[in-house]
Every structure is written in C-alpha cells, then in structure tokens.
Amino acid sequence: MKIRIPDIAAAEVDVIVFDLGGVILDVDLRRSVEALKALNAEGVGVQDVLAENASVFRDLELGLVTPEEFTRAFRECYPAARGVSDAGIWDAWNAMLMPFDAERVELLRGLGRQGRVCLLSNTNLPHRIRFRELFRERFEGGFDDLFEQCYYSDELHLRKPDPEIFRHVAARIDVAPGHILFIDDNAANIAAARSEGWQVCHLTGGKRITDLFEL
C-alpha cells in the first residue's frame, strides 16, 4: 500500500481511521430537510438538523434518546407533523444517505487485507440501520465487516470533535496517537484529532479516498 497524502509519515501509520459521511458515504442534508418539510415540519432547515447545534438531533447522535423518544420530541417540535408515522419520519431523516460507491468499497476491502482499518463516525441508530441496508443491497457481506472495528458516536455517547472520543478510540485501538492516520471531511474534527497527536488528512476539494492510496 502506498499513501498519497502530503506531509504524512506513511512508514509510521499502523492504523487508518475513516470518517463515514462525506468520506465513505456521500450525504446530502438538503434531501432530508426537504423530506421533513413534506411531512409538515414547518420551519425545519439545515441548521436545525445539524447535530453540532443543541437539539434532539444531537441527542440522537449521542445516544441520549431512543428512536421512540426522538419521534415523540420531533412531533412536539413540529406539531403539524403529529399525524406522521414513525416510518415516515425515519424515511425522511434517512433521505440524506446516498448509495455507496463501489470503488471506495473495493479500496476499503483492499486496505483491510493489507493492514488495520477502523471507522469513527458521528451517527445514530436509524441511519446505521439504513446505511447497512444500502450496503447489503449492492455488496456481499456486511458494512461493518470492512473494518477491524467501528466506533459510533451514539454507542460511545461521545461525538467528534470532542477530544475525549479520540482519546477513547486510541486507547481501544491500542496504538500510539502518532501512528494513527485519520481521514475526515470536517475541519473541526481534523483539528481535534491533530491536537491529540493523530496524523490527519482533511478530505476537501472534491478529493475521494480512492485518490489517497495505491494498493
């Protein structure tokens, strides 16, 4: 494996940790916003569903509320949507998840055969159920099988860019921070990982993970 990332000490990389949304799986928040508006969730916007903001969406991503508690809170926030079924809410919430790209999946499989590959994602149970379904619709095996270990924010009750999540994952991986390469599309997450001593790659400018490695 050859790492095509400037300023990375490739010989010192023992584990590669990938973000999910925007890195492995493309997401489009606007799709979910429009789908939620179609449920009569009047006034909902992109800023409302960003988990960086204090909201029930953040609580879901931290695993502080169950899916059932989330749908109740959603109907309280948007009374006009009280008649919408749970399934309708989840379909709208999951609308942001785009199909998996075969080249990226094949890359992850190749990297996994050659070394240690993990996932660190801010996500939630309804999204996880759906993106696992999307994976099974196109590929053999399970999504989580691409990785040595998957670390999900709602299971850890921690989320990026909290420095504690990087300390927790480094301890679980049992590798010195400087020997971890972290790839994410969010600048705040990259800054936090760097502050914990991780090697980092901020995926921007239309680049894909398939541009970063040669198997």
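The legends below describe close-up views of a predicted model.

View 1. Strand 2 (residues 15–18) pairs with strand 5 (residues 180–184) in the parallel sense over 4 bridges. Within this pair, V17 stands opposite F182 of strand 5.

**View 2. The nonpolar cores.** The largest nonpolar core has 55 residues, of which F18, I24, F143 and I183 touch the most other members. Not counting residues up to four places away in sequence, I183 touches I16, V17, F18, D19, V23, C201, L203, I209, L212 and F213. A second, separate core holds 20 residues, including L120, I173, I190 and V200. In soluble globular proteins, nonpolar side chains tend to be buried together.

**View 3. The surroundings of N124.** N124 lies in the loop between strand 3 (116–121) and helix 7 (125–138). Its relative accessible area is 1%, so N124 counts as buried. The side chain of N124 makes a polar contact of 3.2 Å with the side chain of W93. The N124 side chain also reaches the backbone nitrogen of H127, at 3.0 Å. With neighbours within four places in sequence left aside, N124 is in contact with L60, E61, W93 and D154.

**View 4. The loop between helix 8 and helix 9.** P161 is found in the loop between helix 8 (153–156) and helix 9 (163–173). The peptide bond that joins K160 and P161 is cis, with omega about 10 degrees. H157 has its place in the loop between helix 8 and helix 9. Although H157 is not a glycine, its phi is positive, at about 60 degrees. H157 counts as partly exposed because its relative accessibility is 46%.

View 5. D174 is found in the loop between helix 9 and strand 5. The phi of D174 is near 65 degrees, a positive value in a residue other than glycine. With 65% relative accessibility, D174 counts as exposed.

Terms used. Residues are numbered from 1 along each chain as its sequence is written. This is a predicted model: local features need pLDDT of at least 70, side-chain atom pairs count only at pLDDT 80 or more; totals for chains, interfaces and linings use all residues. Side-chain values use heavy atoms; hydrogens and water are left out. Two strands pair if DSSP finds at least two bridges between them. Helices (H or I, at least four residues) and strands (E, at least two) are DSSP runs, numbered from the N terminus. Buried means under 20% relative accessible area, exposed over 50%, partly exposed in between (1.4 Å probe, protein chains only). A polar contact is a pair of N or O atoms within 3.5 Å; within protein, one must be able to donate a hydrogen and the other to accept it, and residues adjacent in sequence count only if both atoms are side-chain atoms. Contact means heavy atoms within 4.5 Å. A nonpolar core is a set of buried Ala, Val, Leu, Ile, Met, Phe, Trp, Tyr and Cys residues joined through side-chain atoms within 4.5 Å.
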